Amino acid sequence: MPQLDSIPESTLHLLDPTDGRLLQSWSFSTARITIGRGEGESLTLADPYVSRLHAEIVSAPDGWVLHSRGRNGVFMDGRRIEESRLNPGTTFRLGPAGPLFQFGNAVQNNENATLSFDPESIILLALDRKEVAQQAQAVTDTDYFRQLQSKARELRRQRSSGGNRTNE
């Protein structure tokens with residue numbers, strides 16, 4: 001293992017999996033970085049896809065190596081890996097649908113960058129209730145829908161009265 005004073009500072013960038021935007025960064029100056037839900041890890045994440053000790057990044061003489069330690073695995077380019085060399089810019093995911101990270105050797109400091117949002121202000125789904133009611137009424141007013149309802153009632157009656165009649 002390299003001497004402590006020869007370990008280059010490394011960074012982990014949390015990326016938005018939908019568009020790759022940078023969400024948060026962490027810098028480390030240690031030979032071993034652990035990632036997981038456990039309180040003693042270098043980077044602690046509260047995520048259902050993340051194990052207590054999910055991944056470990058270790059400094060080696062020729063660079064950094066990522067080791068999978070979690071039950072849900074570590075994925076690179078859509079494939080589950082057990083161990084892989086990390087180069088600056090390498091991306092990996094904790095679990096098949098967990099957090100997406102990018103590894104880097106240097107921190108790019110942009111003092112103007114800010115990440116701030118109010119979770120209450122995010123609209124996940126907006127429905128115009130009047131429009132939905134009008135569309136539902138338009139569907140239920142069709143002859144086809146009435147025929148389906150009639151057939152469903154007939155099938156329920158058959159099922160409740162023993163239903164398994166055979167033609168003689």
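1. **Basis of the note.** Because this is a predicted model, local features need pLDDT of at least 70 and side-chain atom pairs count only at pLDDT 80 or more, while totals for chains, interfaces and linings use all residues. Residues are numbered from 1 along each chain as its sequence is written, and side-chain values use heavy atoms, with hydrogens and water left out.

2. **Overall make-up.** The protein chain holds 2 helices and 11 strands, where helices (H or I, at least four residues) and strands (E, at least two) are DSSP runs numbered from the N terminus. Read from the N terminus on, the order of elements is β-β-β-β-β-β-β-β-β-β-β-α-α.

3. **Burial and surface.** Of the 168 residues in the protein chain, 32% are buried, a word that stands for under 20% relative accessible area, with exposed meaning over 50% and partly exposed in between (1.4 Å probe, protein chains only). The protein chain exposes about 12,300 Å², and carbon and sulfur atoms supply 48% of that area, as given by the Shrake-Rupley method with a 1.4 Å probe.

4. An open sheet of 6 strands is arranged in the order 2-1-11-10-7-8, with antiparallel pairing; two strands pair if DSSP finds at least two bridges between them. Strand 2 (22-28) and strand 8 (79-81) stand at the edges and have a single partner strand each, so one side of each is left without a neighbour in the sheet. In general, strands of a sheet pair through backbone hydrogen bonds, either parallel or antiparallel.

5. **One pairing in detail.** Strand 7 (residues 74-76) and strand 10 (residues 91-94) run antiparallel and are joined by 2 bridges. Val74 has Leu94 in strand 10 as its bridge partner.

6. **Aromatic rings.** Rings of Phe, Tyr and Trp (its six-membered ring) pair if their centres lie within 6.5 Å, and planes under 30 degrees apart count as stacked, over 60 as edge-to-face and the rest as tilted; by this rule the count comes to 3 aromatic pairs. The rings of Trp26 and Phe101 have centres 6.2 Å apart and planes at 50 degrees, so this pair is tilted. It links distant parts of the chain, with Trp26 in strand 2 and Phe101 in strand 11 (residues 100-104), 75 residues apart. For Phe92 and Phe101 the ring centres are 5.7 Å apart and the planes at 25 degrees, so that pair is stacked.

7. **The cluster.** Trp26, Phe92 and Phe101 form one aromatic cluster. Trp26 and Phe101 are buried, and Phe92 is buried too.
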